[in-house]
Each structure stands twice: as structure tokens, then as C-alpha cells.
Amino acid sequence: MSCNTVNNDDQIIEIPDAINLNFYTPQIEPPPPQPDNGRRLKLTWQVSRYNFHSVDGIRVRITATDAALMSDKVFAYMMLPLKAGADSKAGAFDHVCSPTDLEEYPEDDPITNSRPAWFRLNYVDVLLRSRAEVESFIRDVVEDVQRLKNTLDLMDDLLPGGNMWIGLPPVTP
Amino acid sequence: MSYVSPENSKLLYGTRPHIVADGVQQGVVKIRLRDDNEQPVAGRQVELTADREDVTIVQPGLTDADGAALAYVTSAVSGPVSISGRVVPVATP
């Protein structure tokens, strides 16, 4: 342990390490979405009975209704063959739509001969193995639909992004 | 009586180092003075300087019982700035 015997009170003492700060000009902040812009969607879920000892699965159905300023068909499905090489196909739930999916995927049925054969429905009906899976599934769907609604809200407002001339700009007199 | 050890004394970030350059938001610099035994040195004045003229520094008061004092830094100009510190000599009568 060192002793503190040197009196340097009468000296200027430089603190050896400077610190660096960074001042920045923030990007334009997007305006917060309106508290209630009228866009809404109602999610209702139904769950089959489950008994730990005697039941091997749980059926969950989530239905979207009463949509305003957005489609209620927010669940993306893909047509898949029921078995390899078979002609008969069935829709399989894949994900909650993004805003782009809402624009691109048709409602109710896929476009004929489209690959992949996406389409949208207003419900999702799945079989799950346990209550934990059910709770997780419902939570994920609710969060995804909330995120979709928030994203659509943000897309209502356009902010200045930039501009450039293609070709020479006009000469100002 | 304890005397300031330059090696043990430091300038520290009191807030995150990225600050909006609007002349209002403040970066906080924490001064920590220690002696050779890592004990706090109270009652000393530290003077901070910036390497840019557009930076405003509200100089810290005397270090407290923990050897600490705070300074506040603002600027309306974007870009990095380096803050240095030195301990002012004790005035002799």
C-alpha cells in the first residue's frame, strides 16, 4: 500500500484520461399515432376442453371480427397438399399478416396457379398439445395482430424522406 | 490530509455519451477524485475544458465527501467532443 506523502495542493493536476461525448442531430421523429384513429379489430378465441390425464390435445380457434380501417382477414394461409404428390390440398395457417401481406395475398382463396399459394382468412383453427402451448399461441397471435395494427397506424403518416433529380435540375434564372 | 492522485482520479460518464445537439440537452460528466490510497478527496475544484469552442460547460462545484462532483455539457453543433479535466490548485493565503 502506498503512502500519501506528496503535497500537490499547490499544483495543477491534470486528470489523465479525457472522456469523449458525441453530440448528434436526431432524425425526424415520427409523430406518435393518434390515441384513437378508429382502426380496430376484435379477436375472440375459443378453446376445447382439456383434461391432463385423458385428453391428448387442445383445439384453439381465434376469430377476427368487427374490423375498422383494416381487413379482418389477417391470418395468412398457404395451400399445401394433404400428402406428397396428391392433388387435393388444404390451407395451413402460417402467420399473422404484415401490411404487405394484406396488400398482396387474396382473401379466402389463393390466386389460381399462384406459387406459393397464399391467401387470407379471418380465423385460425389449430390443434395444440398442452395448455402451455395454447397460452403461448394466443399470446403470440395477439401480439402479432397488435403489431400489425401499430404498423398500419404508423403508415398513415408520411414523413419527408428525401428527393433527387433524375437528369439535370432546371436552371433558375 | 490527503492529496489528489492523478492516476486514481477519473472523469466518468454521468449519462450516456450520445447527446442531442440542441443546446439544451445536457451531457453529464462525473468527476471522481481519489488519493493514492483510493480514498475520496473532498473540497477540491476541478476545471473541465473541451476541444471545441461551441461547447458550453457548467463547471462543477467542489468535490463532495465522496470525492465526486458533476459538470454539465451542452452544444448546438453535432460532432464528437473531448472533455479534459484538471484539478485547480488550492489557494494559499
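## Contacts and burial in chain A

In chain A, 60% of the contacts between residues at least 6 apart in sequence join residues at least 24 apart. The model is predicted. Chain A has 173 residues, and 14% of them are buried.

## Secondary structure of chain A

Chain A contains 7 strands and 2 helices. Their order along the sequence is β-β-β-β-β-α-β-β-α.

## Contact between chains A and B

The two chains touch through 24 residues of chain A and 34 residues of chain B. On the chain B side, at least two residues each are supplied by strand 1 (10-13), strand 2 (18-20), strand 3 (27-32), strand 6 (68-75) and strand 7 (79-87). Strand 7 of chain B gives the largest share of that side, with 9 residues.

Sorted by class, the side of chain B that touches chain A consists of 18 nonpolar, 12 polar and 4 charged residues.

## Strand pairing across the chains

Strand 7 of chain B also takes part in pairing between the chains: 8 bridges join strand 7 of chain B to strand 1 (residues 13-24) of chain A. These two strands run antiparallel. Opposite B:Arg86, in strand 7 of chain B, stands A:Glu14.

Key:
Residues numbered from 1 in each chain as written. Chains lettered and ligands numbered in written order. Predicted model: local features only at pLDDT ≥ 70, side-chain atom pairs only at ≥ 80, totals over all residues. Helix = DSSP H or I, 4+ residues; strand = E, 2+ residues; numbered from the N terminus. Buried ≥ 20, exposed ≤ 12 C-beta atoms within 10 Å, placed from the backbone. Contact = placed C-beta atoms within 7 Å. Nonpolar A, V, L, I, M, F, W, Y, C, P; charged D, E, K, R; others polar. Pairing = 2+ DSSP bridges.
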